[in-house]
Amino acid sequence: MADTTASTPPPAAEATSALTPINIVLLSLFIFLIYMRLKPAAPQTLPRAPPPTVFRTFTPPTLLPYNGLNGMPIYFAVRGRVFDVTSGRNFYGPGGPYANFAGRDASRGLACGSFDEEMLTKDLEGPLDKLDDLGDEEMEALQGWEERFSEKYLVVGKIVPVGSEEAT
Ligand code: HEM
């Protein structure tokens with residue numbers, strides 16, 4: 001009787017030979033690639049937009065609370081423009097070297113390079129400081145500061161005197 005088992009190996013042996021290490025690696029790679037294709041894409045999250053800046057009209061008294069105290073942002077005015085200098089908290093925040101300018105019209109102090117009390121407009125209800133008495137050198141210094149602030153901080157509004165038609 002002829003031996004038929006010699007030419008066709010038993011089914012178990014066939015299965016074992018298919019599971020060679022290289023086949024296992026290739027199969028794993030195949031499954032991994034299928035998984036990567038079918039995997040649900042991570043939800044797209046867009047970066048959060050910064051809060052919108054509303055351009056406001058301030059008067060000296062309404063600017064005053066913006067001094068970094070009680071969780072308030074820090075603003076100051078320079079020649080009519082109000083800058084949000086909150087990111088410069090180390091300079092203008094409570095205890096900072098330039099905290100005197102916070103919530104105030106800082107124009108004269110910056111122009112004259114002085115922190116003296118009389119540089120700040122005393123009467124918040126009165127007219128704005130027109131800086132009429134300052135010389136070229138002071139006005140140039142002030143312009144230098146304005147250029148620096150314009151590059152570094154956002155303008156969030158303008159300042160007008162109390163009683164002005166624009167005052168809200
Ligand atoms: C003793 C003299 C002074 C020294 C040693 C001094 C030193 C400094 C230093 C190291 C900075 C940081 C600069 C930076 O990192 O960008 C700075 C910033 C500043 N200084 Fe002075 N300063 C002096 C006087 C003054 C005066 C007299 C004024 C004007 C009244 C002034 C106004 C300012 C302002 C407004 C800033 C911050 C500007 C910003 O927001 O980027 N400093 N100062």
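A: Two strands pair if DSSP finds at least two bridges between them. In this predicted model, strand 3 and strand 4 (residues 154-159) meet that condition with 4 bridges, in the antiparallel sense.

Q: Which residue in strand 4 is the bridge partner of Val 82?
A: Val 82 is partnered by Gly 157 of strand 4.

Q: In a regular strand, where do the side chains go?
A: They alternate between the two faces of the sheet. Keep that in mind when following a strand on the screen.

Q: How many bridges join strand 2 (residues 75-78) to strand 3 (residues 81-84), and do they run parallel or antiparallel?
A: Strand 2 and strand 3 are joined by 4 bridges and run antiparallel. Within this pair, Ala 77 has Val 82 as its bridge partner, and Tyr 75 stands opposite Asp 84. Val 82 therefore has bridge partners in two strands, given that a bridge is what DSSP counts when strands pair: Ala 77 on one hand and Gly 157 on the other.

Q: How many bridges join strand 1 to strand 4?
A: Strand 1 and strand 4 share 3 bridges, and these two strands run parallel. Phe 58 can be found with Ile 159 of strand 4 as its bridge partner.

Q: What is the order of the 4 strands in the sheet?
A: The order is 1-4-3-2, in an open sheet with mixed pairing. Neighbouring strands are turned against each other by 40° on average, direction ignored.

Q: How many helices and strands are there in the protein?
A: The protein has 6 helices and 4 strands. Read from the N terminus, the elements run α-α-β-α-β-β-α-α-α-β.

Q: Where does Asn 70 lie?
A: Asn 70 is in the loop between helix 3 (60-63) and strand 2. Its phi is positive, about 55°, although Asn 70 is not a glycine. Leu 131 has a positive phi too, of about 60°, and is found in the loop between helix 5 and helix 6 (136-152). A further case is Arg 79, with a positive phi near 45°, in the hairpin of strand 2 and strand 3, where 2 residues lie between the strands.

Q: Is Asn 70 buried or exposed?
A: One counts the other C-beta atoms within 10 Å: 20 or more makes a residue buried, 12 or fewer makes it exposed, and the range in between is partly exposed. Asn 70 has 7 such neighbours, so it counts as exposed. Leu 131 has 15 and is therefore partly exposed.

Q: Is Gly 103 buried or exposed?
A: Gly 103 is buried, because 26 other C-beta atoms lie within 10 Å. Buried residues make up 20% of the 168 residues in the protein.

Q: Where is the place of Gly 103?
A: Gly 103 sits in the loop between helix 4 (89-92) and helix 5 (107-112). Leaving out residues up to four places away in sequence, Gly 103 touches several residues, including Leu 63, Pro 65, Asn 67 and Phe 76. Pro 60 is 43 residues away from Gly 103 along the chain, yet their C-alpha atoms are separated by 8.0 Å. For the protein, 64% of the contacts with a separation of 6 or more involve residues 24 or more positions apart.

Q: Which residues does the UniProt annotation "transmembrane region" cover?
A: The unreviewed UniProt entry gives residues 18-38 for it. In the model that span is 90% helix and 0% strand, and its end C-alpha atoms lie 27 Å apart.

Q: How do the residues of the shell around the ligand divide?
A: They divide into 5 nonpolar, 4 polar and 1 charged. Among the residues surrounding the ligand are Val 85, Phe 91, Gly 109, Ser 114 and Lys 152.

Technical notes: Residues are numbered from 1 along each chain as its sequence is written. This is a predicted model: local features need pLDDT of at least 70, side-chain atom pairs count only at pLDDT 80 or more; totals for chains, interfaces and linings use all residues. Two residues are in contact if their C-beta atoms, placed from the backbone, lie within 7 Å. UniProt positions are given in the numbering used here, feature names are shortened, and annotations may be inferred rather than shown by experiment. A residue is near a molecule or strand if its C-beta atom, placed from the backbone, lies within 6 Å of it. Ala, Val, Leu, Ile, Met, Phe, Trp, Tyr, Cys and Pro count as nonpolar, Asp, Glu, Lys and Arg as charged, and the others, Gly among them, as polar. Axes are lines fitted to C-alpha atoms, for helices over the stretch in contact, and angles run from 0 to 180 degrees between N-to-C directions.
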